[in-house]
Amino acid sequence: MSADFSILKEEIHSLEEGGADWLHIDVMDGHFVPNITFGPKIVRTINNLTDLTLDVHLMIENPENYLEDFRNAGADIITVHQEACPQIHSTIKRIQELGAKAGVSINPGTPVESIQEILGDVDLILIMSVNPGFGGQKFISSSVKKVETISGLLNSIHADPYLEIDGGIDETNAGIVTKAGCNVLVAGTGVFKNPNRSEGVKNLRAAALSK
Ligand code: ZN
């Protein structure tokens with residue numbers, strides 16, 4: 001959602017050039033979060049422009065009603081919010097049945113305990129380090145502790161899903177969250193503030209891997 005959509009093709013190519021591993025796609029419905037972005041149609045457009053993994057983050061109510069649409073549009077990973085899914089196990093299972101990797105996300109105000117029962121069943125855990133809705137927000141530093149807690153829990157049950165963080169990630173905190181246990185970093189403004197997107201991705205990766 002940080003990209004310039006009038007030149008989406010060029011934006012994606014410069015991210016590819018910079019070595020981005022995945023494209024993270026923020027879908028917002030104006031209900032679960034105050035903002036509205038886009039739906040499956042744009043995901044399909046993006047899928048036609050790239051071979052990169054499409055990591056689709058559904059910040060929507062009743063995500064179970066749209067899983068098939070997003071999968072058909074080209075989503076390789078579909079992440080739903082714990083707060084939006086009263087039947088989280090069946091939603092996760094449904095995503096996997098559709099052939100996608102399934103992720104669960106929690107907002108900054110949601111405790112780790114709320115996803116403890118599902119840690120062994122998901123392919124990805126997404127920790128929100130800002131309250132979802134808008135780009136350009138400041139990183140909430142207590143998220144680091146949350147990542148460490150989840151990382152410890154995953155070790156104790158010998159589970160190894162991706163551990164992803166989203167919100168306010170940039171060169172100043174990329175190394176910190178990586179050390180805490182994250183292996184997927186989402187950056188919007190953190191990359192797109194650089195007019196040269198390619199360089200933005202490279203700088204972020206260097207910061208994530210720095211000691
Ligand atoms: Zn996201």
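This note goes through the predicted model point by point, from the sheet to the metal site, the core and a few single residues.

1. Basis of the model. The structure is predicted, and its local features need pLDDT of at least 70, side-chain atom pairs count only at pLDDT 80 or more, and totals for chains, interfaces and linings use all residues. Residues are numbered from 1 along each chain as its sequence is written, and side-chain values use heavy atoms, with hydrogens and water left out.

2. The sheet. Seven strands form an open sheet in the order S1-S2-S3-S4-S5-S6-S7, and their pairing is parallel. Strands S1 (22-28) and S7 (184-186) are at the edges with a single partner strand each, so one side of each has no neighbour in the sheet. On average, neighbouring strands of this sheet are turned by 20 degrees against each other, direction ignored. Strands (E, at least two residues) and helices (H or I, at least four residues) are DSSP runs numbered from the N terminus, and two strands pair if DSSP finds at least two bridges between them.

3. Strands S1 and S2. S1 and S2 run parallel and are joined by seven bridges; Trp22 stands opposite Thr53 in S2, and the bridge partner of Asp26 in S2 is His57. Seven of the seven residues of S1 are buried, so this strand is largely enclosed by the rest of the structure; here buried means under 20% relative accessible area, exposed means over 50%, and partly exposed lies in between (1.4 Å probe, protein chains only). From S1, Trp22, His24, Asp26 and Met28 point one way, while Leu23, Ile25 and Val27 point the other way. S2 is mostly covered as well, with six of its seven residues buried.

4. Strands S3 and S4 with helix H4. Strand S3 (residues 77-81) runs parallel to strand S4 (residues 101-106), and five bridges join them, with Ile77 having Lys101 as its bridge partner in S4. Helix H4 (residues 88-97) lies across S3 and S4 and runs at about 145 degrees to S4. For such angles, axes are lines fitted to C-alpha atoms, for helices over the stretch in contact, and the angles run from 0 to 180 degrees between N-to-C directions.

5. The zinc site. His24 (NE2), Asp26 (OD), His57 (ND1) and Asp166 (OD) coordinate the zinc ion at 1.9 to 2.2 Å, and along the chain these donors follow the spacing H-x1-D-x30-H-x108-D. The pair of His57 in strand S2 (residues 53-59) and Asp166 in strand S6 (residues 162-166) links distant parts of the chain, 109 residues apart. Donors are N, O and S atoms within 2.8 Å of the metal (3.2 Å for Na, K and Ca), and because water is not among the atoms, sites may look incomplete. His57 counts as buried at 0% relative accessibility, and Asp166 is buried with a relative accessible area of 8%.

6. Geometry of the site. The angles among the four donor atoms of the zinc ion are 95 to 155 degrees, and the site is irregular. Four donors count as tetrahedral if all angles lie between 85 and 135 degrees; four count as square planar and six as octahedral if opposite donors are over 155 degrees apart and all others between 65 and 115; anything else is irregular.

7. The nonpolar core. The largest nonpolar core has 58 residues, of which Leu58, Ile125 and Ile150 touch the most other members. Such a core is a set of buried Ala, Val, Leu, Ile, Met, Phe, Trp, Tyr and Cys residues joined through side-chain atoms within 4.5 Å. Leaving aside neighbours within four places in sequence, Ile150 is in contact with Val112, Ile115, Leu119, Ile125, Ile127 and Leu163, where contact means heavy atoms within 4.5 Å.

8. Leu67. This residue is in helix H3 (residues 67-73) and counts as buried at 2% relative accessibility. Beyond its neighbours within four places in sequence, Leu67 has contacts that include Leu58, Ile78, Val80 and Ile95; the C-alpha atoms of Leu67 and Ile78, eleven residues apart along the chain, are separated by 7.7 Å.

9. Lys146, in helix H5 (residues 143-156), is buried with a relative accessible area of 12%, and residues up to four places away in sequence aside, Lys146 touches Ile106, Asn107, Pro108, Gly109, Thr110, Val112 and Ile127.
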